Amino acid sequence: MIGRIPITDVSPVSLLGGELVPVKAIPDEAIMVSATVFREGHDALGVQVIVLDSSGVEIDRKRMVEIWPGSDRYQAEFTLPNTGDFAFFIESFDDPYATWHHDSEIKISANIDPELCCEIGSLIFEEAIGSSSNSLLTNALEALRNTSMAPANRFSIASSGDIRSYFYEKPTRRLVTKTDLFPIRVDRERALVGAWYEFFPRSEGATATTSGTFATATKRLTDVAEMGFDVLYLPPIHPIGQTFRKGADNSLQPSAHEPGVPWAIGNRDGGHDAINPELGTMKDFESFVSSARAVGLEIAIDFALQVSPDHPWVKLHPEWFNHRPDGTIAYAENPPKKYQDIYPINFDKDYKGILDEATRIIRLWVSKGVTIFRVDNPHTKPIHFWQELLGIIRAQNPDVIFLAEAFTRPPMMHALGKVGFHQSYTYFTWRTSKQELISYGNEVASETSAFFRPNFWVNTPDILPFHLQTGIPAMFALRAVLASTLSPSWGMYAGYELFEHEPLREGGEEYKNSEKYQIRIRDWNGAREKGHTLAPFIGTLNQIRKEHRALQRLRNLIFHNTGSDAIIAYSKKEGSDLILVVVNLDPTNPQETVVHWDMNALGIDSEKFAVTDLTDGTSFKWSRDTYIRLDPTGSHGKVAHIAHVNFG
């Protein structure tokens, strides 16, 4: 039902199936609330947003301001101090002082009912004073009643700056109208902010005849940390099935020594709760996690609810799988692709049993020090299952984070965010043109940010994007700049820094000699010695991100006009921290243009301003219309400016 003073189109709001679900936030993240508020006639109204803690106790109240006169659109910004569940609602009200001030200012100067204006004002001040003693209001009331003074003088006293400020902060509120409560969930910072790196432990420290282990992979942790990454993500670390095991490049005739696909989980050594013996023991894994934590890395592991034909569940719980008419279990398919080494799960036969087992598995790995789970193909499982499972885990372990690996249709990706996934993979991987990047950047920063947190991955073991297949180092550099500065979270799969780019076949997006099917030995030290690595530049990008809070936020992204489709420009601002990014999207040619900065959006009121390029320390004087030239060619090629504005 519409209230006395209508409040409509509230934002941010997150709905799933017609029900409110929590808006996403982290501590100290600015939350901009807006609503359309209007009323009949010409009397003034006021709007406030009220913030409540999980107990329903008011912890903040802010006056909302009209975005521009006549828009009827009001907004205010607040932050929340810690993790937990919160809520907000909006109140609209009749503002008698604002109405009186507006009308009396006009009437008294025109000598229209000046005494009546003063009398109406005195009644408003009486109501505001009530039973309290406020000398500021009392003195104004006495002035309004003092008929020996001219009405204009009496009005002047009752409309001083202090008086107006008082009524703005503590308005007399009549005809109060309230919205429903809108929930907010504040997660820890890593839910929004982080740099992710993925490697296969079996490849780290491997030789031509032996697999890498957790012990040998531990030696690589320092390199990952020195590149500035926060999260190290490991593909499945469980025993791998033998039946229909895949060989190199997805071959159906593997040799006896091929290691198999880690996502084909389970054999006689165990399932989702076991460690692949080739990697070591559970104790070795715990030591690996501890070593990672010592260098500032959180470990994320894969949670893939699927099994190989050899998984213990196949015998213990045959009802968990789909059966063909001949009684055999159906393997996974995505026609024309066949995954004979994997059985998908049927959640409708024993839902509670599957939920209980999934809960047990997650809790087991949390007890081993895992704080983040990258969930494989969550879009192929029921939405309500994730809502229930993630709710159970959150109740006991609210700091555990879940990343949805869901390159699928937007409604499903968005629904996964609404039911509890903290982050998601995105379409950034395929967005390359200036207009595509602007459109998608605006979508994730503004349109879906209430319920969908993006993690921009430049590549994955499954995806070698077409634009990387040329192997041009400048393309790898510019994509890393875009991913790490457009989104608070970004990710990179090992080998990217070595410019790995050979596709399995022309027109496809799979890596040749894919690490999914075989161990891949890389010469990290040799690449470093030859300077054939992007690692130092990646380290610079991640260091910039750590030092500048503006790059750790999502909703502050603003694009600016440029005169070239080959150059994109955008800004991020948090308080006094203002970052300007200009990227040449053409990796093979120098490009030049004029960037037209929106000075109002930047909060800069001078014609010229000083900036420092954080990638190389150079300083510039820029202006509203700034000429930019970026040349990615040569040994000192430059693909981007990441400039910090020096407010001085």
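**Entry 1: the model.** I am working from a predicted model.

Entry 2: Eight strands make an open sheet, running 20-19-18-15-14-13-22-21. Their pairing is parallel. I then looked at the edges. Strand 20 (423-424) and strand 21 (456-457) sit there, and each has a single partner strand, so one side of each lacks a neighbour in the sheet.

**Entry 3: strands 19 and 20.** I checked how strand 20 is held to strand 19, residues 401-405. The two run parallel and are joined by two bridges. Ala-404 lies opposite Ser-424 of strand 20.

**Entry 4: helix 10.** Which strands does helix 10 touch? I found contacts with strand 15 (298-303), strand 18 (372-376) and strand 19. Helix 10 spans residues 351-367 and packs on the sheet. Its direction makes about 160° with that of strand 15.

Entry 5: I moved to another open sheet of eight strands, in the order 28-27-30-25-24-23-26-29. Here the pairing is antiparallel. Strand 28 (619-623) and strand 29 (625-630) are the edge strands, and each pairs on one side only. Ignoring direction, neighbouring strands are turned by 35° against each other on average.

**Entry 6: strands 23 and 24.** I looked up this pair next. Three bridges link strand 23 (residues 558-562) and strand 24 (residues 567-574) in the antiparallel sense. Ile-558 faces Ser-571 of strand 24.

**Entry 7: helix 13.** Helix 13, residues 434-447, packs on this sheet and touches strand 23 and strand 24. I noted an angle of about 155° between the directions of helix 13 and strand 23.

Definitions and conventions. Residues numbered from 1 in each chain as written. Predicted model: local features only at pLDDT ≥ 70, side-chain atom pairs only at ≥ 80, totals over all residues. Heavy atoms only, no water. Pairing = 2+ DSSP bridges. Helix = DSSP H or I, 4+ residues; strand = E, 2+ residues; numbered from the N terminus. Contact = heavy atoms within 4.5 Å. Axes fitted to C-alpha atoms, helices over the stretch in contact; angles between N-to-C directions.
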